[in-house]
Amino acid sequence: MAEFQAPVGTRDVLPPESARWAALVARFASTVTRAGYGLVVGPMFEDVGVFERVGESTDVVRKEMYEFDDKGGRRIALRPEGTAPVVRAFVQHRPPVPFKAWYVAPNFRYERPQAGRFRQHHQVGVEALGTDDPDLDVEVVALCWEVARGLGLRHMTLLLNSLGDDACRPAYLEQLKAFLATKELCKEHRDRSVENPLRVLDCKRDECRAATAGAPRMVDHLCDDCRPHFERVQRGLTALGIPFEIEPRLVRGLDYYTRTTFELASGALESAQNAIGGGGRYDKLTEALGGPPTPGIGFGMGIERLLLACDEEGVFAGPERAVDVWVVDTTGGEAAGALAHVLRDAGIATDRSFDERSMKAQFKAADRSGARIALVVGEQEAAAGEVTVRDLGSGEQTTVPAPDVVDHVRKLLGE
Ligand code: HAM
């Protein structure tokens, strides 16, 4: 075993798996840029305060954050999630609203690693700031759904809830607290139900499940602003043909949420790690980070989880091959270099062997790469200014003048 291993809860993504990863990100980018979202690239670490504003009773912040003092004595945290950093950037730069951003970035959470749960995971996501129009909620939820559908995923449930706002949530929380006070809860929530009673609704332990069976539901206590907002979101999704289930227990793990919250659960994954994406509104977060009142909504999707779900459903296999063409050169390698350069310049993915390997070894490498065509330059071809073009599938081959190679390859590739 190698002396050093990737840290517990992290993994290396190498080719060819990484090609599938890149293809997923490209799909995501094209879906969301078509809807007007622009890429935001930000730091992987922030002042710890940025995340503390997310809410002190958020587990991700309270227990799982990677925090340290840097050499300048600043208290730093590796980003555990992607929303607070985008909002911090919004407050700092004040771009015009609506501000529609997307990102792809690693997140760090000191969790107990298991299948589909990592200490460094990666999310693709969007954030949209500057309006509380429920049509934006519909747009954002629909994008999340479409990304997963676009990968070919079919066994999914979209769970939807509303967590209300400052007008209706406090009174609801009091009711919920009073209800829970008479119940037997699990060990963790016995103490914490007062601090954050919503979290009890989300608890998977039997005691809490039983205790909350008849608990009051936020959706039944929405105020006159939140109720029509939630209804319009539902109408909008229905109009787009996107199926959803109202899940009053969906409270999400982060404390900044208001109104619309949602999660995409994969029926192909173990239930403990079946969330392939989640998000919602956070209409107070911008103010919490020192900005002007600015509502916002977004979602994040775990790349590792999306790919696990794709594996389970047998979809989105990713690119079949790394290159289309392999150059086999038995004249010393310089001709391969020149030919590969010409093909690459013409936009044809091409690779070659190095170290003057034998012809057999070079063909083996060509096969392993998945290339469809081998271009062969031997002494004879070099002397005649020609190249032999072999279709690696059928085994057929012809010899063509060197200047015609690109056209010939294009034809064979069906371009
Ligand atoms: P989250 O639900 O904590 O939300 O994470 C979003 C997604 O990231 C999850 O649905 C899951 O697919 C993936 N994920 C989370 N933790 C892990 C982990 N330890 N290992 C593997 N995958 C994981 C957020 O982070 C919010 N910032 C989403 C959001 C954006 N809300 C509004 N805007």
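Q: Which residue in strand 4 is the bridge partner of Asp47?
A: In this predicted model, strand 2 and strand 4 (residues 75–78) run antiparallel and are joined by three bridges. Asp47 takes part in this pairing, and its bridge partner in strand 4 is Ile76.

Q: In what order do the three strands of the antiparallel open sheet lie?
A: Strand 2 (45–47) and strand 3 (67–69) each have a single partner strand and stand at the edges, so one side of each is left without a neighbour in the sheet. Neighbouring strands of this sheet are turned by 35 degrees against each other on average, direction ignored. The pairing is antiparallel, and the order is 2-4-3.

Q: Where does Gly42 lie, and how many Å separate its C-alpha atom from that of Glu184?
A: Gly42 lies in the loop between strand 1 and strand 2. Its relative accessible area is 49%, which makes Gly42 partly exposed. Gly42 and Glu184 are 142 residues apart along the chain, and their C-alpha atoms are separated by 45 Å.

Q: Which strands are the edge strands of the eight-stranded open sheet?
A: The eight strands follow the order 1-5-6-11-10-9-7-8, with mixed pairing. An edge strand here pairs on one side only, and this holds for strand 1 (38–39) and strand 8 (245–246).

Q: What is the bridge partner of Leu160 in strand 8?
A: Strand 7 (residues 156–162) and strand 8 run parallel, joined by two bridges. For Leu160, the bridge partner in strand 8 is Ile246.

Q: Is strand 12 enclosed or open to the outside, and why?
A: Val325, Val327 and Asp329 are buried on one side of strand 12, and Trp326 and Val328 are buried on the other, so both faces are covered. Because five of the five residues of strand 12 (residues 325–329) are buried, the strand is largely enclosed by the rest of the structure.

Q: Which residue in strand 13 does Trp326 stand opposite?
A: Strand 12 and strand 13 (residues 350–352) run parallel, and three bridges join them. Trp326 is one of the buried residues of strand 12. Its opposite residue in strand 13 is Asp351.

Q: How many disulfides are counted?
A: A disulfide requires two cysteine sulfur atoms within 2.5 Å. For Cys203, the nearest cysteine sulfur is that of Cys208, 3.7 Å away, and Cys203 is in no disulfide. For Cys226, the nearest is that of Cys223, also at 3.7 Å, and Cys226 is in no disulfide. The count comes to zero.

Q: Are Cys203 and Cys226 buried or exposed?
A: The cut-off for buried is under 20% relative accessible area. Cys203 has a value of 5%, and Cys226 has a value of 1%. Cys203 is therefore buried, and Cys226 is likewise buried.

Q: Which elements give two or more residues to the lining of the second largest pocket?
A: This pocket holds about 320 Å³ of space. Its lining has 23 residues, of which Arg169, Asp255, Tyr256, Tyr257 and Thr258 lie nearest the centre. The elements giving two or more residues are helix 6 (169–181), helix 8 (197–202) and helix 11 (285–288).

Q: How many residues of the lining of the second largest pocket are charged?
A: The lining is made up of 23 residues. Of these, 12 are nonpolar and two are polar. The charged residues number nine.

Methods. Residues numbered from 1 in each chain as written. Predicted model: local features only at pLDDT ≥ 70, side-chain atom pairs only at ≥ 80, totals over all residues. Heavy atoms only, no water. Pairing = 2+ DSSP bridges. Helix = DSSP H or I, 4+ residues; strand = E, 2+ residues; numbered from the N terminus. Axes fitted to C-alpha atoms, helices over the stretch in contact; angles between N-to-C directions. Buried < 20%, exposed > 50% of the residue type's maximum accessible area, 1.4 Å probe, protein only. 1 Å grid on protein atoms, 1.4 Å probe; cavity = no way out; pocket = protein on both sides within 12 Å on 5 of 7 lines; lining within 4 Å. Points joined across faces, edges and corners; volume = space filled by probe spheres on them. Nonpolar A, V, L, I, M, F, W, Y, C, P; charged D, E, K, R; others polar.
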